[in-house]
Structures are given as C-alpha cells and as structure tokens.
Amino acid sequence: MKKNNIRRMLILGFLIILVVAILDFTWLVWYMNRESDRDVQSIAKTYIRSITAEEIYSYEAIAEIRLDQMQFLKNQLDSLREESSAQDINSTIRRSVSFRDLESVALLSQSETFQTSFGQELKRVDDMDYLKKELTTNGGVVMAAESVEGETYITWALPASYPMLNGETSIGILFCRKMDQFIEKMHLEADRTLATFLLIRRDGSYVVTGTETQELTVFDKILKYIKPIDSTPQQKVDELKKAIETDGSWDVTALYNDSERGISERRMISAVPLPGSNWYLITILPYGVLDQAIDNMGQSRFFATSTAVTILSLAILLVMILYIIQSEKQRKALEEANIQAEKAKDEAEKERATAEKAKEEAEKERSIAENAKVEADAARDEAEKERAIAEEAKEEAEKERTIAEKAKEEADAARDEAEKERAIAEEAKEEAEKERAIAEDAKVEADAARDEAEKERAIAEEAKEEADAARDEAEKERAIAEEAKEEAERERAIAEEAKEDAIYANKAKSDFLSNMSHDIRTPMNAIVGMTAIATTHIDDKERVRDCLKKITLSGKQLLGLINDVLDMSKIESGKMTLNVEALSLKQTMETMCDIVRPQIRANGQNFDIFISNILSEEVYCDSVRLNQVLLNFLSNAMKFTPKGGQIHIDLWQEPSEKGDDYVQTHFAVIDTGMGMTKEFQDKLFTAFEREDNRRVQKTQGTGLGMTISKFIVDAMGGQIQVKSEVGVGTTFHIIVDFERVTESEADMKLPGWKVLVVDDNEDLRRTAAISLEELGAKPETCRSGEEALQKAIQAHEKGEDFFAALVDYKMEGMNGIETSKKLREILGKNVPICLISAYDWTEIEDEAGSAGITGFIPKPLFKSTLYHELRMFQEGRARVKEDEDNINLQFDLKERKILLAEDNDINAEIATMILEENGAEIERAEDGKIAAEMFEMSKEGYYDVILMDLRMPHMNGIEATEAIRALKRSDAGKIPIIAMTADAFAEDAEKCLAAGMNAHLAKPIDVEQLKKTLAKFLTD
C-alpha cells in the first residue's frame, strides 16, 4: 500500500513538473514571437521611410537638374531685347531647344491658351488652376501634360512673360519630356527591390505606377482591398485625405486581400507629398519576406522549445525510474536483512547453548591439556636432544659425502693407474669394486641433486616467464592507462577549446548586438533629430533641404546595415548563390566609378583608376556580387581615409593556369588611410568583428562587410590578399580566374592616325599607348602640358599634325584645361581634343567647352572605350553617331502575335503596353492552363512567340510549357517560349531551359533586354 502511494506521488510530481515546463516554454515562445514581430515591424517602417526618402531625393535631384537646365534656356530668352517680337521669341525657343532631348515646349497664357513653339501640340495639363497659382507664387512646378495625340508627358514649368503669336502675353513656359523617361530616372521599375512606388494626384487618381495607369482611385482601392490592423478602411481613407489637405505624411500597416488575383498578404503603405508638384508618392512594402523570417524564427523557437521540454521530461522521467528501481532494491535488501537477522538470532541462541556445553568440556579439556602440556614439555626437551643428535649425524654424513667425493677422485685416479698397471689392478680389484659401489651411491645422490636442481630451475624459469608475462601485462595496462590519460587530456583540451570558442562566440555576438544597437540608433537618432529640426524650421527652405539631405544619408546608412545582416543570414543558411552571366568589365568599372564619385568628392578625397594588360573585357561572372565586393572595399577606403587622402583602383589581367578559356583578373583597392593593426588583420574576415580602437569608434558598420566579401570571392574560386600598415594605408588585392566570353576584336581597328596622349601617370600613358597601337593608331605620349605643347609645335612645323589629342584633366603644373586651351591655339579648331578624367563630366563641362575641348573620355581607359570615342571622328573631322547599340531600339514588332501567360493584372498591363507600343498584337491567358488551351485551339503558326510567367494558378509556367511541347503539331516544338518571371535565381533559369523554354527574363522587365531577346528569336 505504501509502495503504491510513493509511486502515485512520483507520477503526480512528474506530471506537475511537465505541465509547468510546457506552460513556461509555451509562454516564452509566444513572448519571443510577439517581440520579434514588433521588431520586424519597426525595421520595416524604418526601411520604407528610408527608401521613400531616397525616392524623393531622386525626384528632387531630377527636378532640380531639369529646372536648372530650363532656367538656362529661359535666361537666353530673357537676354533678348525688349522690343523682340513674338515671332523672334518663337524662333529663339525652337533654335535653343532643338538639340535638347525634349518632346514639346509651349508658352501658356492667362486665358489657358497653349502656344506650342517646339514638338507636339499640347492638349491639357493635369491641374490648370494649380499650375497658374504656382507660376504666380512659387516659381518652378512639375506636373503631367497630354499632347493632342494622347502622349503623356512630364512637364517642368517656369514663370515667363513673353509676347505670344495670338497677341497675348504668356505667364509661363512649359518644357515636356516623355513620361517613361521620368519613370526610368525615378527608378519606379528598379530591379532587386522589395517596394513598389506609385504617383497619385491629390484627388486620389493615379499619375503613374510603373508604366501603367489605374482606373480606381487610391481611396477606392483602400476601401476595397485594405483591412487595417488597428482601425477601419474608412478611417484610414479619412486620415489620408486629411494628410493630403495639410501636406502631411500618412502610413498604414494592413492586410491586403485581392481575391480576384489571389493575393492575400500583409503590407505597409506610406504616402508623402512630392515638393514642387501637386502629387503624392505612395510606397508599398509587402511583408512576405519579413513574415517568412518571423515564421522561420517561430518554427526554430518551437523546435528548440519542444526539444528542451522533451529532453527535460525524459531526464525527469529517467531520474524517477532510477529512484523507484533503487528504492525497490533497498526495500528487498532490507527484507532479506530482517530474515537473516532472525536466523542469526536463532543461531546465536543455539550457539549460546552449545557454547555453555563447550565451556564445560573446555574446563575438562583444560585439565587434560595442563597434564598434556607437562608431557609435551618433556617430549619437547627429548626432541631437542634428538634434533641435536640428528644434526651431528647430518654433519657426519656430510663429512662421509666429502670423503666419498675424494674417494671417487682417488678411484678415477686408480682406474687410470689400473690401465697402466693391469697386473697390479688384479690385486686391487676387490678394493676398487668397493670403491665403485661407494661411487655409484655418490653418483645416484648427485643425479638426484641434479634432478632436484633441474626441477628448481624449471620452476624458476616458469616463475620468470610468469613474472615477464605479468610485467608485459603491466606494461600493456600502463600503456593503456597512458593512452587513456592522453585521450582524457585531449578531450579536456577540446572541451576547454570548445568552451573558449563558445565564450568567444557569445562575446562576439554580444559585441555585435551592442554595435548594431549603436549603429542603428545613430542614424535613427539623426533621422528623428533632423525631422524635428525640419519641423520647427518648416519655412526655412535651406534648413529643411539640409535636414532632408542628412535624413536621406542616414536612411541609406541604415538600409546598408540591414542589407549586410540579411546577406549574412543568407550566407549562414546557405541560400546565397552566384548568378553567373556575361559581364563587361568596362561597364562594371564605369558604373562603380559613377556610384562612388559623389561621396569621394564630398569627402574631399582624391580618386583615380588605372587599368593595364586587359586580355578580355568580357567575362562570365555575377556582376551584382562583384560590384558588392568592390563597393565594400571602396566604402571602407572612403570611411578610413582622411580628407585630401588618395584612393585608387588598379585593374590588370594575366593568363590563367586554368587554360586559354580563362583569364586571371586582379582588382586592387588602395588607400592612404589610417591602416589596420596586425592583430586585427588576423580576424578581419571573422563575422561581427570590428577593431576596438579609438581611431575607428566614430566609424559605423556591422563588421559583416568583409565576411560577406570573403564568402563571395571564395564562391567565385578567388582569393583576397590584404596589406596594411597603421598610419600608411591599406591595399585589398582580389584575384579571380574568370571564364572568357568569346568575342571578336577583328573589327576594332582605327586608321593609322597620330594621337597625342598627355598624362603625368606613367602606367596610364603606357596602357593607352599599347591599346592605341593594338587598334592600329600611332600614339605619342608625354608627361606634362609643356611637353605636349612642344610636340604639337614640332609636328605642326613638319606638316604632320596630330589627328587627335587625349589630355588628362588633373596633372601637376599645367592642368588638362590649360593644356587643351593652348593646344587648341596650335592645332586649330578642327583637331579633336578629348579630356581624360575619372571625375563627372557635368562638373567640368562648361569649363571644358570654353577651353575648346570637343570630347570626354571617362576612366578607366579600356581599349573599347578608346575605339568608340575616336571612331566618332572620321575623315573631315565630323562627328558621326554609332547606331549599333540602337538596333534593338528600332526593332519592329508589327503584325507579330504574342501569347502572354500572366495571372497578375498589373504585370500583364505593363507587358501589354510595352509590346503594343512596338506594334505587337497581344493575347493574354490568365493562367498556364488557359495558355496551353489557347495555343492548342489556335491554328498552326498563329502565334509568333509565348511569354510565360512561372507562378500561376491551375497550371504553372513549367507545366504549361511541357504541355505545349508535348502537343502533336509542327509548331509545338518550334515556337519560342520565353520565361518572364520574378523567380530570378540561376536555378530558376535552369529549370525553365530544362522544361523546354528558350530563354529566361527576370522581372521587373528590362525593356531593352526584352527587345533584344525577341529580336534574337523573331529576326530571320
């Protein structure tokens, strides 16, 4: 009964502990998921604000550039005499804007009459009242306009009072460009972004969303599709209208549910006004990736919690089972002990009785023993005497044995003597026989002694062997013990090392979290602080513009931190892969230079780029990841190089050990910054590591950029070499073997022109000379402007003038502008003079034009760059425009029937508009099944090409392609099927090709790439 109670208590205790553990861990998982969701929402809000600010910054930059350009044209009109007629004004406008990339220029009168002086006739503008108001109060304004032919324009308007042909006086002048150019500049269709941007008017109607228009207003879409988390759709619409009325911002986190398109997801939506216009910018951020991250974290925590609860439960259960087993053994042992005790007690009683009887017998025996003792003492004395006699007899026997030995020796001697004295032997024979008998006895005793000795020796040998065996066994045991000891030491060392690694990893992650907290809070503090300052100085445009600029920079910095963490997450999960494609090193380096120039200029640093020995400009590589690596190293160089410091990139190539199909490419990013210590270089590529030094405390970063770069270069099969010295600078040297892209340079030939190259850098002069010689030109180089002038004078006096001169912008002594101006005086006005520079042409365009410079060649100086720039100058020194790159732009899709398989209405509308503008006839299928059926029902040859989305209901793109290819008709296997999908990874492209598709295009659609792909398959 007692045993059952104990078991019940133990089981009840186990169940209570188990339930408490489950409840505790369940609450912990719920709490952590809730906090993670809040953190992700906070990051998402920060992210959407950052990209919105960046988009507004792009808009302001575009607007400022265009309005400055238009103001320049307007200043030319203002410079005319006051008595100039309307016809003069009209002619001046046509002449001034004819070389600009404008579609229309018109004057606007107070009566809302347009006088189109250049380009397409204007029909209307979006909001005439707003335009007239802004022209009379604020100056420049941006809005949309429509031509009489239905073309939509982006329009910049400036106040202007000029006479018009109809007799009126204008109140403003309107400069118009195509809306799709504005969309491209605003990056509304930018690749690799999570967010979607839309432009709306203040009445809620859409200006543009990508390249499409919307029939519903934004208010209608909110009421129809949006379910806010903390309010009703109508409340959010009212809040948006109120924000628009007050020029305020607005945001909402809501569930977006569009059953018609099968979309149901969380989204964050924000709206902010665009300055200088009557528009609002709508930014939409789907939560899909973030929700997946929360789900993954929740699943990981649930798995960890379940494992912990299971292990804890099993441990408690095991302890209780062992306790029950041990208790049962102790109970049985106690019962057996009680039984033995009872038996022992009975035995003791019997023994006690026996002991009493034995005691009595002992008394009797004691008396007998006393008597026997006396007798024994007497016998002992007698025995002692007998022993003494025996000892004496033994000694006597020993003496006799000695005598026998001597007798044996004498017998031997006698035997020898007997041989000699045979006659005498007969007489002594009897005596010898006696002696022989004695010798025989002695021999027997000797043999017995020898046998005994042999036995003792055998025993000794066995004992020795046993001792040796025992010693060997002991040695083995000792060796095993030593090995066990060494193994234990190793295990202890491994455990210590693992412990130290764990402590180090925890410390590194703790430091990382601390750094991340600091680095995130720093730009966030700037954003919040600058927002507060801008709010309090809302009427001070310069102060607000400065605050917005700093907010934008802080947002970009915060976005960079988040991107680094996401990249590191991809690396640790093994999801980061390379998308290898044909890559132009020329375009890559030019793009990178365009990106870093503004910041380097703002930092007051000197920048240059040098290339040499380029064996192949076209290689196979992941261009995005290569740019990421180079920009990481350049970003570090800019961070740690002081004002006035030097930053430059070197690029060169060598033959690869992998064979002729590969080329070993070297990139070196070199700076004269603060450098790194030797200790930090050893852990430079360790995740979460940053040098803990006062020198870098104000420099922000996650400590992940180097780790990510190292992973990317390793994945490319390359290596990174680092050379750094504190106070001197740092060099990052990247070495990668790239596969060549098969290319033909046979057509890249120039006539035997004499070309003068002027640069104070020896490497650049040598590289330019080699490239020009390979192109067929005859270069002459010099290191200074003074030397260039001497060469030009000498060549002119000989009548052998140079065909063209290439002059570096920055040189010691006489710079490129001064040199070009003096060369122009010597060479005349017909000789092309091109300026070479790593800086932006727009910064020096006016100064260069006044110096007589006719062209600009951006660094780096690839051979193809020199070829295409110099080809613009033909005989007669007239500029000609290359049209090879425009072939695809002129590609005509007229009378081409295209089947578009796309389930998303917006994506379908975008593709339809793009293709119809080029003359194609589009038929749309809402999913893969419908697409397969439409193709099967059409007559053979009806469709020219199929554009196939991958993720569609009922039948996806892969299944639809396989179904079409399986049809028994002649065009089923021939018709080009092109994947047009947001699944943009390399493995997605491989799946498409394996399913029978002909090509793969990633969304968002690159219009030019789409045209090139269609031209490839549709041009005979």
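**Before selecting anything**

The model is predicted: local features need pLDDT of at least 70, side-chain atom pairs count only at pLDDT 80 or more, and totals for chains, interfaces and linings use all residues. Residues are numbered from 1 along each chain as its sequence is written, and side-chain values use heavy atoms, with hydrogens and water left out.

**The whole chain**

Of the 1020 residues, 40% are buried. Here buried means under 20% relative accessible area, exposed over 50%, and partly exposed in between, with a 1.4 Å probe and protein chains only. Contact means heavy atoms within 4.5 Å. Among contacts between residues at least 6 apart in sequence, 65% join residues at least 24 apart.

**The largest nonpolar core**

Select Leu131, Ile173 and Trp279. Within the largest nonpolar core, which has 59 residues, these three touch the most other members. Helix α1 (residues 2-78) gives this core its largest share, 12 residues. A nonpolar core is a set of buried Ala, Val, Leu, Ile, Met, Phe, Trp, Tyr and Cys residues joined through side-chain atoms within 4.5 Å.

Centre the view on isoleucine 173. Not counting residues up to four places away in sequence, it touches Leu77, Ile93, Val105, Ala106, Leu107, Trp156, Ala157, Leu158 and Ala160. A separate core of 40 residues has among its members Met592, Ile649, Leu651 and Met716.

Select glycine 204 next, in the loop between β7 (196-201) and β8 (206-208). Glycine 204 is buried, with a relative accessible area of 0%. Leaving aside neighbours within four places in sequence, glycine 204 is in contact with Thr217, Val218 and Phe219. Its C-alpha atom is separated by 9.4 Å from that of tryptophan 279, 75 residues apart along the chain.

Move to aspartate 247, in the loop between α6 (233-245) and β10 (250-258). Its phi is near 55°, a positive value in a residue other than glycine. Aspartate 247 is partly exposed, at a relative accessible area of 47%.

Two packed helices are described by the angle between their axes and the distance between the axes. Axes are lines fitted to C-alpha atoms, for helices over the stretch in contact, and angles run from 0 to 180 degrees between N-to-C directions.

Select helix α10 (residues 585-603) and helix α11 (residues 623-640), whose axes come within 11 Å and cross at roughly 20°. The two are therefore roughly parallel; angles under 35 degrees count as roughly parallel, over 145 as roughly antiparallel, 65 to 115 as roughly perpendicular and the rest as oblique. On the α10 side, the meeting residues include Met592, Ile595 and Val596, and on the α11 side they include Leu630, Leu631 and Leu634. This contact has 10 nonpolar, 4 polar and no charged residues. In this classification Ala, Val, Leu, Ile, Met, Phe, Trp, Tyr, Cys and Pro count as nonpolar, Asp, Glu, Lys and Arg as charged, and the others, Gly among them, as polar.

**Helices α14 and α18**

Select helix α14 (residues 762-775) and helix α18 (residues 863-871), which pack at about 60° with axes 9 Å apart. They are therefore oblique to each other. Among the contacting residues are Leu772 and Leu775 of α14 and Leu866 and Tyr867 of α18.

**The loop between β27 and α21**

Finally, select histidine 954, in the loop between β27 (945-948) and α21 (957-965). Is histidine 954 buried or exposed? Histidine 954 is exposed, with a relative accessible area of 68%. Aspartate 949 is found in this loop too, but is buried at 6%. Its contacts beyond four places in sequence include Ala901, Glu902 and Lys1003.

Terms used. Helices (H or I, at least four residues) and strands (E, at least two) are DSSP runs, numbered from the N terminus.
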